[in-house]
Structures are given as C-alpha cells and as structure tokens.
Amino acid sequence: MQLREFLPKTLFGRMLSIILVPMIFVQVITVFIFYERHWDTVTRHMAQNLAGEIALLISDIGTNPDPESITAITEKGWKYFSFPIDFQAGAVLPATSIAPPETYAETMLRRELKRQIKLPWILDISTDPNLIFIDLQMENGVLRIYAGRKRIFSSTSWTFIGWTVGSSIILFGIALMFLRGQVRPIHRLAAAARQLGLGRAAPDYRLEGAREVRLAGRAFQAMRYRIMRQLNERTEMLAGVSHDLRTPLTRMRLQLALMTDNEDTKAISSDISEMEEMIDGYLAFAAGEGDETPQELAVDELLNRLVTQAQKSHKFDITLSPVKDEIPAFPMRRNAIQRAFSNIISNAIRYSTKTIVAIRIRNDEVIITFDDNGAGIPQERRADAIRPFIRLEESRNRRTGGAGLGLSITSDVILSHGGELTLGDSPLGGLRVAIKLPV
C-alpha cells in the first residue's frame, strides 16, 4: 500500500490539499502550543491565586472563629477579593465521596486547595453556573466562600480557538473560490483536447486563466489548426488526383466502346475497372477523416440495421447478440462509422461463413466485437492488416485481395472517434475484431 493511493486524483483536489493540509497542521500546532503553554499556565496560576486568597482570609481567624472574627473576615473578603462569605454555626460537612473532577481547571483548583488549606473542605462548581462554592469545616460550623467562576475559567481560550477556526474557514472559502477560478480553464482545455481526440468540434473554447494555461491553450489551438489543415489537404489532394485520373479513364472507356471486342479490349476494360475500384478505395480512405459533423447516434440500432441488411442482401449467417446493457447515444460521424462497420462485415462475408456481433458497455466505453469462423489472420500479420495499402492476400486478384484499405479505413475512423481497434482470436475459430468507442 503506497501513499499515492490515498492522495487526491484530480488537480483541484491536489491544489486544495496543498492549501488545506498545511493550514490544518498550523492550526493543530497552534492550538496544541496554546493549550500546552498558555492555557495550562494561566489556569494553574488562577487556581493558585484563588486558593492563596482563601488561605489568607482564614489564616487570621483560626479553627474556632467568634462572631467578631466572622464579621471581620466577611468585610475583608468582600472588600479585597469580592468574596461573599456565609457562616453556618454548628453545621457539619456532609460525609459524601468526592466525585472526580470534570475539567482541568477543577483539577488544578483542588490540587491548590489541598496544598494550601489544612482544614477539611468541599468544592462545588456545578450547582451554580456563575459561582464556585468552597465549604470549610470549622470546629463550630461551616464557612462557605463564594467565588466567581471566572476566577479559574478563562474565556480567552475559547475566544482564541473561535477566532482561529473562524478565520481559517473564511480564508479557506476565499481560497476555494480562487482555486475554482484557476482550475476551470484547465478543465475547459482538457475538455477541448478530448473533443479533438474524439473527432468532435470544440467551437466554444476560448483562452482564459493564468499565463501558463493561456500558453497551453494557444499551443492547443495551433495544433488543432495544423491537424485540421493537414486532414483537409490530404482529402483534397486524393480527391484531386482521383478526379484527374478519372478523366483519362473515361476517354479510354469511350475508345474501347468504339473498338471491336477481342481479348485485348477485354483485358484493357478489366484493368480500367480495377483502376476505378482503386480510386474509389482511395477516396473512401480519405473520406474516413473528413469534416463530417458528429451527431448523436445509437450504435446498437446502427449495428442492428447493418446486420439485417447483410442477412437479407447477402444471405449471410450473421447475428447480433442480445444487448444486455443500456447503450447510450453519443456523438459520432454517421457516414464514417457506418463505413467502418460495413467494411468489417464485408470482410466477414468474404472470408467466413458465420459471424456473431456483440455490443456491451464498460465504464465509459462501448465495446463492439465481430467474431467470425474464417481462416483468421496470423498474430504476426495483424499489425500489417491495419496498415493502409497492405494486402494479406498473396494473389494479384483484386476481387479476393482488395486494395488493402478496408481495415485501414475502419481503424482510421475508429481512431478519429477517439477509440481503438484490435484484432484477436475468435471463439468461433476465426478472427475477432474488437472496437472500443468512448461515450
């Protein structure tokens, strides 16, 4: 078990910890020092002074005071110490067990009374919320001295703690507002970068925040502009080349139509058809990264429609497993994602006799698997199968080998949506194509 497992995972949580943890430590150390030094010392001195004043008062009257001594001590106690004093002649202290002290101040006062006063005494600090009763047993009665609770209980300690905790809460609230303001631009930048990675537009992103965040935002905007410009130039270049090639091909077809049919014209016509298929494949490959606007799509409904079409059009044994999870709709480019799934199904139709499609959701990813019973692809060739213009078919026949762009187009489309395409072994004995799409 490591310490980082207990640390906050978000930037806001870590920045908050940087402020909060030192603040808590400072408060704990401050309060500890206050209680250990100030509060303990003050309480001990106050208890010592109160017990000393009581000992001074009773030192002159002895253990059997007469009425004149009682009057003198009463006047002296009120004049110099503000002690109301009451003498109950003939009274005796109750023989009750002494309860343990409830507060630290009571502990200190009991210790000082025991040390400075030799007469039997009882301390009562709970009967009256404002007064302390000290009953002293004389030979001819009980002398009760009333002292204010503030003589041993210092209110400055609670005031100090209140101000310390209150000011900390206020400062923490202010720091929280500033932290939210600093983290919000980073969240917006991360969201815009994620939208770009998923192939979605982020038109509402604007530069804000601290200088470093703005610098990262400018770099992100420049990167997004370069990526989009490169994709557009690539699409335009392939479209232009394909358009230029179609013009001479069209002229060649017209010339062939005017020529007499023979073996040579049939071979040339076959080559022209092959070149047109290659051009269509290149255009499809370029269109996989076009600027189609994403829209909310239900991927399970899209797959169900494609599977149904394959069953009816090609009489192919393909089934969609029952969807157990609730698959949410999320932004996708309809034509591109449909082209990607169609390429996988077309490959399954060409190289196998049975395919099972399954879809499920895990965390924030939709996982789609295509399992067929074909010959599959060897593990060492799977990386090549996704690369563009790589044909695993050894023959030169385009009808069986294609142009080498099917899985490449699919992989590019999935990557442009922020997903991942992997090839593996199918439980049916053939190839498994697994697709992960972030929701």
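The questions and answers below concern a predicted model of one protein chain.

Q: How many helices and strands does the protein chain have, and what share of its residues is buried?
A: The protein chain has 11 helices and 11 strands. Its length is 439 residues. Of these, the buried share is 33%.

Q: What percentage of the contacts with a separation of 6 or more joins residues 24 or more positions apart?
A: The count takes contacts in the protein chain with a separation of 6 or more. Within that set, residues 24 or more positions apart account for 65%.

Q: What part of the accessible surface belongs to carbon and sulfur atoms?
A: The accessible surface of the protein chain is about 26,500 Å². The part belonging to carbon and sulfur atoms is 57%.

Q: How far does helix 5 reach from its first C-alpha to its last, and which of its residues are buried?
A: Helix 5 covers residues 211-258, which is 48 residues. At 1.5 Å a residue, 70 Å is expected, and the model is close to this with a reach of 71 Å. The buried residues are Val213, Gly217, Phe220, Ser242, Leu249 and Leu256.

Q: Which residues make the nonpolar surface patch of about 510 Å², and is Ile33 buried or partly exposed?
A: The patch is made by Val21, Phe25, Ile29, Phe32 and Ile33. Ile33 is found in helix 1, residues 11-58. Its relative accessibility is 45%, so Ile33 counts as partly exposed.

Q: Where is Asp135, and with which side chain does it meet in a salt bridge?
A: Asp135 is found in strand 3, residues 131-138. Its relative accessible area is 10%, so Asp135 is buried. Leaving aside neighbours within four places in sequence, its contacts include Leu93, Trp121 and Val142. The salt bridge, at 2.6 Å from N to O, is with Arg144.

Q: Is Arg144 buried or partly exposed?
A: Buried means under 20% relative accessible area. Arg144 has 22% relative accessibility, so the residue counts as partly exposed.

Q: Which residue forms a salt bridge with Asp425, and how far apart are the closest N and O atoms?
A: Asp425 forms a salt bridge with Arg382. The pair links distant parts of the chain, with Asp425 in strand 10 and Arg382 in helix 9, 43 residues apart. Asp425 is exposed at 60% relative accessible area, whereas Arg382 is buried at 13%. The closest N and O atoms of Asp425 and Arg382 are 2.3 Å apart.

Q: How far apart in space are Ile70 and Asp86?
A: Ile70 has its place in helix 2, residues 67-81, and is buried with a relative accessible area of 13%. Leaving aside neighbours within four places in sequence, Ile70 is in contact with Pro65, Phe87 and Leu143. Ile70 and Asp86 are 16 residues apart in sequence, and C-alpha to C-alpha they are 8.7 Å apart.

Q: Which residues are linked in a network of salt bridges?
A: The structure holds 8 salt bridges. The residues linked in a network are Arg188, Arg206 and Glu208.

Conventions:
Residues numbered from 1 in each chain as written. Predicted model: local features only at pLDDT ≥ 70, side-chain atom pairs only at ≥ 80, totals over all residues. Heavy atoms only, no water. Helix = DSSP H or I, 4+ residues; strand = E, 2+ residues; numbered from the N terminus. Expected span 1.5 Å × (residues − 1). Buried < 20%, exposed > 50% of the residue type's maximum accessible area, 1.4 Å probe, protein only. Patch = residues over 30% accessible without salt bridge, like charges linked within 9 Å, V, L, I, M, F, W, Y side chains within 5 Å. Areas by Shrake-Rupley, 256 points an atom, 1.4 Å probe, with all protein chains shown as cover. Salt bridge = Lys/Arg side-chain N within 4 Å of Asp/Glu carboxyl O. Contact = heavy atoms within 4.5 Å.
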